[in-house]
Amino acid sequence: MSADYPLDRPLPPDVLVGGGARWSRYRQYPVFSLPWLRGRSALFASIIGTIALLIGGAIGLAARDYGLVLPMAFYQFAGFGLMATTGPALATWVRHRGWSAVAERRGIVVAMLLGMVASYAADAVTSARVNAMIASAIGPAAHPPIPDLGAVERAVSIALNLLVLIIVYGLFGGGLALRAYFGERQRWHDHRNDRALADARVQAQRADLRLGLLQAQVEPHFLFNTLASVRALIRRDPARAEATLDALVDHLRATIPRLRDEDALLHSTLGQQLDICASYLELMRLRTGDRLSYAVEADAVLRGCAYPPLLLLTLVENAVKHGVEPRPGPGRVVLAARREGADLVVTVSDDGAGLQPGFGGGMGLANVREQLAMRYGERARLQLHGRGGAGTQAEIRLPAGAP
């Protein structure tokens with residue numbers, strides 16, 4: 001893969017796994033690339049540094065010698081840091097050699113094995129130094145006598161120790177990264193196959209797109225919830241009930257006729273998609289008792305640009321469902337379109353609950369990424385960002401002149 005795709009560029013959406021959270025953005029790059037190594041090392045350094053300071057502080061407090069805190073923290077940080085980064089650093093060096101695919105895979109496996117050996121050596125040296133410092137501060141600890149073990153007990157003990165070594169030094173030293181590397185290569189293989197079959201899948205995708213729009217826009221629970229809201233409002237606030245019904249009719253009028261027009265499904269514009277999103281947000285504003293506010297910001301010229309159906313509405317629904325609704329109090333959703341060079345960039349922002357663990361891997365966002373990959377390949381992408389304080393921003397970037 002490194003021979004035909006730059007290692008300093010983010011992965012295409014259909015190859016990417018994770019990386020949406022700020023702490024894991026390094027995963028947007030190929031495994032064992034320099035940006036990946038820098039991001040991973042920075043994350044591990046922050047975690048290891050915190051743990052090392054806590055351990056050093058605890059030992060210094062126990063020994064009542066606060067001069068031990070920084071030296072102990074340093075040795076812990078150095079030892080664990082070498083354990084965590086040696087194997088991945090060697091594998092990164094291998095991946096930048098430009099070797100053949102087979103040679104690269106073998107070289108990376110060897111690099112990770114060497115990293116495990118280096119992890120063991122770093123742990124041994126660091127542990128010896130730390131134990132010596134503790135012994136000099138509080139005296140050698142008394143150990144109970146070790147009982148004699150039979151042949152079976154010794155074999156079991158050795159096996160358990162080897163298992164611990166493999167788990168600790170293998171996984172912490174980059175074993176999970178090695179697994180991610182081979183998974184990435186498999187996804188690249190699938191990506192190439194998908195690109196080769198893209199033309200054959202276009203006709204089938206038309207039917208899928210029609211069904212996806214129908215399910216997303218006119219699914220029963222959406223209608224039932226809206227009608228239930230209207231029913232509850234009829235006696236309490238007839239004017240709002242009427243306004244909600246009018247908004248529902250406007251939303252259905254904006255979506256259902258287009259489901260019957262195959263050409264409209266395949267050649268929709270940004271303006272049409274923004275209008276559908278606006279009608280949905282107006283309906284949700286009335287249903288939530290004005291707790292939701294929204295804005296749509298797009299120049300008239302941009303509204304005429306070609307834009308795939310369904311994508312923006314999926315992001316808007318996520319902003320309401322996962323952002324505004326879970327957070328008490330008022331919420332706001334803003335759609336904004338702008339042009340950056342040859343790209344059309346549309347963002348859906350909310351000030352709601354923010355990115356939650358596990359968010360970003362749902363069916364809706366997977367469909368958005370699939371649509372972008374099918375239509376534009378590597379020229380388009382979807383990205384999720386946490387906003388300062390609270391909220392989430394979803395961004396779709398695609399070629400402005402693409403059909």
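Reader: Which residue stands opposite Val-346 in E5?

Author: That is Ile-396. Before we go on, this is a predicted model, where local features need pLDDT of at least 70 and side-chain atom pairs count only at pLDDT 80 or more, while totals for chains, interfaces and linings use all residues. Residues are numbered from 1 along each chain as its sequence is written, and side-chain values use heavy atoms, with hydrogens and water left out.

Reader: Thanks! And how do E3 and E5 pair?

Author: In the antiparallel sense, over eight bridges. Two strands count as paired if DSSP finds at least two bridges between them. Strands (E, at least two residues) and helices (H or I, at least four) are DSSP runs, numbered from the N terminus.

Reader: In what order do the strands of the sheet come?

Author: The order is E1-E2-E3-E5-E4, in an open sheet of five strands with mixed pairing. The edge strands are E1 (292-297) and E4, each of which pairs on one side only. From one strand to the next, the twist averages 15 degrees.

Reader: What joins E2 to E3?

Author: Eight bridges, and the two strands run antiparallel. Leu-335 stands opposite Val-348 in E3. E2 and E3 form a hairpin with two residues between them, and Gly-341 in the turn has a positive phi of about 65 degrees.

Reader: Is E3 mostly covered or mostly open?

Author: Mostly covered: seven of its eight residues are buried. Buried means under 20% relative accessible area, exposed over 50%, and partly exposed in between, with a 1.4 Å probe and protein chains only.

Reader: Over at E4 and E5, how many bridges are there?

Author: Six, again in an antiparallel pairing. His-385 stands opposite Gln-393 in E5.

Reader: Which helices lie across these strands?

Author: H11 lies across E1, E2, E3, E4 and E5, running at about 20 degrees to E3. H12 lies across E4 and E5, at about 145 degrees to E4. Axes here are lines fitted to C-alpha atoms, for helices over the stretch in contact, and angles run from 0 to 180 degrees between N-to-C directions.

Reader: Now the nonpolar core. Which residues touch the most other members?

Author: Of the 36 residues in the largest nonpolar core, those are Leu-270, Leu-312, Val-333, Leu-344, Leu-372 and Ile-396. A nonpolar core is a set of buried Ala, Val, Leu, Ile, Met, Phe, Trp, Tyr and Cys residues joined through side-chain atoms within 4.5 Å. Elements giving two or more residues include H9 (270-287), H11 (311-324) and H12 (363-376). H11 supplies the largest share, eight residues.

Reader: What is Leu-372 in contact with?

Author: Leaving aside neighbours within four places in sequence, its contacts (heavy atoms within 4.5 Å) include Leu-311, Leu-382, Ile-396 and Leu-398. Apart from this core lies another, of 14 residues, among them Trp-36, Leu-43, Met-112 and Tyr-181.

Reader: Changing topic: where does Arg-95 lie, and is Arg-95 buried or exposed?

Author: Arg-95 lies in helix H2 (residues 69-95) and is buried, with a relative accessible area of 1%. Its side chain reaches the backbone oxygen of Val-31 at 2.3 Å.

Reader: Last one: what is the phi of Phe-32?

Author: Near 65 degrees, a positive value in a residue other than glycine. Most residues other than glycine have a negative phi. Phe-32 lies in the segment before helix H1 (34-63) and is buried, with a relative accessible area of 0%.

Methods. A polar contact is a pair of N or O atoms within 3.5 Å; within protein, one must be able to donate a hydrogen and the other to accept it, and residues adjacent in sequence count only if both atoms are side-chain atoms.
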